[in-house]
Amino acid sequence: MKKTMLCLMLVLCLFLAGCGDNAVSNPTNPSSAGNAPMPGYDAQNQYLLVNAISFQETEDFFCGSNFTGEFLHFYDKESGISGVLCTDPACAHDSPSCGAYIRAGAMAFYYDGKLYYISGDSANATSLDYFLWRSDLSGRNREKVKRISFEDIILPYQPQQCAIHRGKLYMLGQCGDLEGTKTVNRVTLLSTPLDSSEEYTTVFEATVDHGIQPAMRFVGNAVYLSIMTFSEKEPYDLTVLKYDIETGTTETVFAEAGIPEIPGAIWVTAQGEIYVPGQGEQGAYVWKIADGKRVEVASWEGSDLGMPKILDSAIVFLQRIDGVHYADIRNLSGETIYSGELFPGEIPKMDIDLAGIQPIVVGGDADKLILNCCNMSEAGLWDYTLMLEVRNNMKPTVLWSSRE
């Protein structure tokens with residue numbers, strides 16, 4: 001055990017040193033880069049799919065949380081070593097004092113060579129406030145950046161999706177509200193700088209009479225926000241807004257009412273091209289927005305199909321037929337990259353009944369698919385974070401699990 005921990009610490013020190021050498025110097029104004037990509041400063045859209053699971057990637061490693069458990073994990077790409085993101089060899093990783101501890105469901109982000117995450121304060125268990133925390137990539141030197149007030153932010157706005165992008169924390173929330181005696185649904189996008197101030201800017205806010213499902217994506221100096229509204233007796237309406245970070249202005253880039261299929265979370269490419277997944281009674285779909293209209297680029301026929309996922313440069317559609325999981329992965333033009341069993345072979349280090357799981361797509365791109373797989377057994381609930389190499393016959397790698 002001590003030898004394993006020493007190796008882990010060595011790997012951490014090596015890749016942390018590498019990250020320090022390769023880190024982009026902190027610009028005075030991150031938005032000055034315009035629409036040019038800023039690795040390390042841009043939100044990782046391809047991992048903004050699941051609210052309850054954190055996952056982040058750098059050139060050297062992956063890090064993130066499980067669906068269950070309260071600790072951050074890491075996987076070093078070069079060595080293949082993984083573990084709880086804590087460098088203390090004496091730590092049992094079983095209490096809030098661990099450097100990798102976060103509350104279950106807390107969101108973690110890699111930004112400017114540091115780890116940021118939103119969680120409560122374990123030293124004050126009675127407080128309902130949350131905080132934005134920052135630490136070294138090893139989990140050391142943890143510090144509070146700012147308070148996120150339960151009374152002023154969490155309760156009234158109910159943030160459900162968060163991201164750090166070019167110097168600000170963005171929080172997208174939706175909740176029920178009252179307008180006089182009428183119950184409405186409200187969606188709000190807030191931004192706040194990465195400092196100790198409790199200054200929050202309302203980027204966008206709207207209320208509707210019926211259901212609402214928002215999603216956000218980040219491209220350069222733009223924040224894209226999709227708003228899907230619906231009611232029990234009517235089709236679906238979809239609006240896509242674009243907020244300019246520099247000018248503070250918002251424009252509507254797409255709007256359509258009366259869509260018979262259920263629109264899903266949008267994807268926006270680096271060139272500003274917008275894609276929308278959909279799910280209907282006759283099948284599943286992906287459309288590209290062109291000249292203000294939806295143009296189909298991929299479809300799957302059949303009833304009761306799930307929602308396709310759009311990742312960075314890839315469309316992922318999963319099915320389970322007679323206990324076997326299948327994957328159809330295409331590029332954004334609809335051309336097939338892989339089609340076949342999701343798990344074509346055995347998965348080393350993964351003691352789990354694959355037929356009985358419901359894999360959750362955490363993120364990825366045209367080369368790799370990141371999944372979270374849960375399994376309930378007599379020993380309890382275990383989950384695994386798994387990478388499948390799309391272009392290598394879905395070769396599997398277990399990145400980490402809640403058993404560690």
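The charged end of Lys146 sits over the ring of Tyr200, 5.6 Å from the ring centre. A charge counts as sitting over a ring if NZ of Lys or CZ of Arg is within 6 Å of the ring centre and within 35 degrees of the ring normal. The model here is a predicted one, so local features need pLDDT of at least 70 and side-chain atom pairs count only at pLDDT 80 or more, while totals for chains, interfaces and linings use all residues. Residues are numbered from 1 along each chain as its sequence is written, and side-chain values use heavy atoms, with hydrogens and water left out.

Back to Lys146, which also has a charged partner. Its side chain meets that of Asp195 in a salt bridge at 3.7 Å, N to O (a side-chain nitrogen of Lys or Arg within 4 Å of a carboxyl oxygen of Asp or Glu). Lys146 lies in strand β8 (residues 143-148) and Asp195 in the loop between β11 (182-193) and β12 (201-208), so the pair ties together parts that are 49 residues apart in sequence. Lys146 is buried, with a relative accessible area of 2%, whereas Asp195 is partly exposed at 33%. In these terms, buried means under 20% relative accessible area, exposed over 50%, and partly exposed in between (1.4 Å probe, protein chains only).

The structure holds 16 salt bridges. One of them joins Arg166 and Asp42 at 2.7 Å, N to O. Arg166 lies in the loop between β9 (159-165) and β10 (168-179), and Asp42 in the loop between α1 (2-22) and β1 (55-57), so this pair bridges parts that are 124 residues apart in sequence. Both Arg166 and Asp42 are buried. Another salt bridge, at 2.6 Å, N to O, brings Lys368 and Asp365 together. Lys368 counts as buried at 12% relative accessibility, and Asp365 does too at 14%. These two belong to a network of salt bridges that links Glu57, Lys77, Asp365 and Lys368.

Arg217 is another story. This residue is buried yet has no salt bridge, and the nearest side chain of opposite charge, Asp312, is 10 Å away (Lys and Arg count as positive, Asp and Glu as negative; His and the chain ends are not counted). What does the side chain of Arg217 reach at 3.0 Å? It reaches the backbone oxygen of Ile266. Arg217 is found in strand β13 (residues 211-219). Leaving aside residues up to four places away in sequence, Arg217 touches a whole set of neighbours, among them Asn45, Gln161, Tyr224, Ile266 and Trp267, where contact means heavy atoms within 4.5 Å.

Rings get together as well: the structure holds 14 aromatic pairs. In the pair of Tyr285 and Trp287, the rings are stacked, 5.6 Å centre to centre with 10° between the planes. Rings of Phe, Tyr and Trp (its six-membered ring) pair if their centres lie within 6.5 Å; planes under 30 degrees apart count as stacked, over 60 as edge-to-face and the rest as tilted. Tyr285 and Trp287 are both buried. Arg294 lies over the face of Trp287, at 4.5 Å from the ring centre. Elsewhere, ring pairs link Tyr47, Phe55, Phe62, Tyr75 and Trp400 into a cluster.

As for the whole protein chain, the secondary structure comes to 2 helices and 29 strands (DSSP runs numbered from the N terminus: helices are H or I, at least four residues, and strands are E, at least two). Buried residues make up 50% of its 404 residues.

Terms used
A polar contact is a pair of N or O atoms within 3.5 Å; within protein, one must be able to donate a hydrogen and the other to accept it, and residues adjacent in sequence count only if both atoms are side-chain atoms.
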